[in-house]
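Here are my notes on this model, point by point. Have it open while you read.

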Amino acid sequence: MTEKPQSRRDILKTAAAVSAAASFGEVWATAADATTETVKKAAQSGIDQTLRQAAEAKDVAGVVAMAATEDGVLYQGAFGKRDLAKGTDMTLDSVFWIASMTKAITATAAMQLIEQGKLQLEQPMGALLPELAKPQVLEGFDDKGEPKLRPAKRPITLRHLLTHTAGFTYDLWDANTGRYAKYANLPGIISCKNAALLTPLAFDPGDGWEYGINIDFVGKAVEAVSGKPLNVYLHDHIFAPLAMTDTAFVIGPDQRARLVSVHARKPDGSLEPIEFGVPQDPEFFMGGGGLYGTARDYLTYLQMLMHGGQFNGGQVLRPETVALMSKNHIGAITVPGLWKTAAPDASLDVNLASVFGPDLKWGLSFLINTQQGPAGRAPGSLTWAGLVNTFFWLDPTKRVAGVILTQSLPFVDPRAVKLYGQFESGVYKALSAS
């Protein structure tokens, strides 16, 4: 069959249609770009005012906050001072101790090794880490003050460690652990000494949930199977591929020049800088809380998760691994909604339920809210925090992530928590305006 040749009129009509379609595409793209810019400007203006007022009122010494959608950075701002005594201004590239925000990154390293078949979630850790070979459960103390210990009923698995169901605790919220540490003359976890990890379990592995030193052992497992120190492994397999250039256990002169001082809340409500630093020549790299970094670096990490394991040209995880990490891994167990403090100078009572609702779950390794959040985050969002009031969240449903970093004690200081909520509300308000 011979195709009928196009007439000049047909050719002109086709050309006009193509031209119109191209023009429409340009108009649509321009409109979409304009909408994105409008949302960004609305977020910038409203959140700027909130953060600036908090810094000026000395609710926080200083703050850096950033948020991103899957299309890129939505908001970034820095206000206040790195150090109230020195008067140095906070900047977007300021370096913070991110404390327990380290945990998710160490868990990511473990998940990489699971992808490679070098670790398994149900793998008993005692064969890999001798210090976990014969775990003991603390059942209290006798009349003489001697600890009552018994062998654990089952081995500790990698899943137990990643989900805080192994039985390990922190003495900040578990008085018995603190009492045992004093009895055995153990150093605190912040010392990064191996002896700090020699605390017994509060319950048998798999029988409950309590926040603790679990991810420090995950870091040791990463070292054992990779043959690399944790700092080197994280750099080579996470930080370098994602261009997270300011995140490390050991910081150099450039990062130290941008380091934010930790401040303490005094009885009169004011803040003052205190001497604090994670050991820079540690016996072990604290996979549960030893990293320093910037808001931009951590947002990059969250954007990697948002994009299914790939960002900035680096493939860190498979999409199915990110999905696995984001699911409930503690079954019917729930994360306690209220943690009573055992060390009020370091942490106030932690009321998770008041912020994230009831029926809280844990993934690998994130807190998961099962209810709609008051500021707008969807059920199934991932979140956690660091001891000196650093916070992040990732909402996979609404495709948004945020990081807000301050640097003060005690943990869950009401003024810092309020600012976190205001920042999150500002981000969702901007999204809803689009």
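1. Which helix is Glu 115 found in? Glu 115 belongs to helix H2, residues 102-115 (helices are DSSP runs of H or I with at least four residues, strands runs of E with at least two, numbered from the N terminus). Before going on: this is a predicted model, where local features need pLDDT of at least 70, side-chain atom pairs count only at pLDDT 80 or more, and totals for chains, interfaces and linings use all residues. Residues are numbered from 1 along each chain as its sequence is written, and side-chain values use heavy atoms, with hydrogens and water left out.

2. Glu 115 is buried but has no salt bridge, and Arg 318, the nearest side chain of opposite charge, is 4.1 Å away. Buried means under 20% relative accessible area, exposed over 50%, partly exposed in between (1.4 Å probe, protein chains only). A salt bridge needs a side-chain nitrogen of Lys or Arg within 4 Å of a carboxyl oxygen of Asp or Glu. For charge, Lys and Arg count as positive, Asp and Glu as negative, and His and the chain ends are not counted.

3. Leaving out residues up to four places away in sequence, Glu 115 touches Val 316, Leu 317, Arg 318 and Thr 321 (contact is heavy atoms within 4.5 Å).

4. Now look at Ala 127, in the loop between H2 and strand E5 (136-141). Is Ala 127 buried or exposed? Ala 127 counts as exposed because its relative accessibility is 82%. Ala 127 and Pro 155 lie 28 residues apart in sequence and 10.0 Å apart in space, C-alpha to C-alpha.
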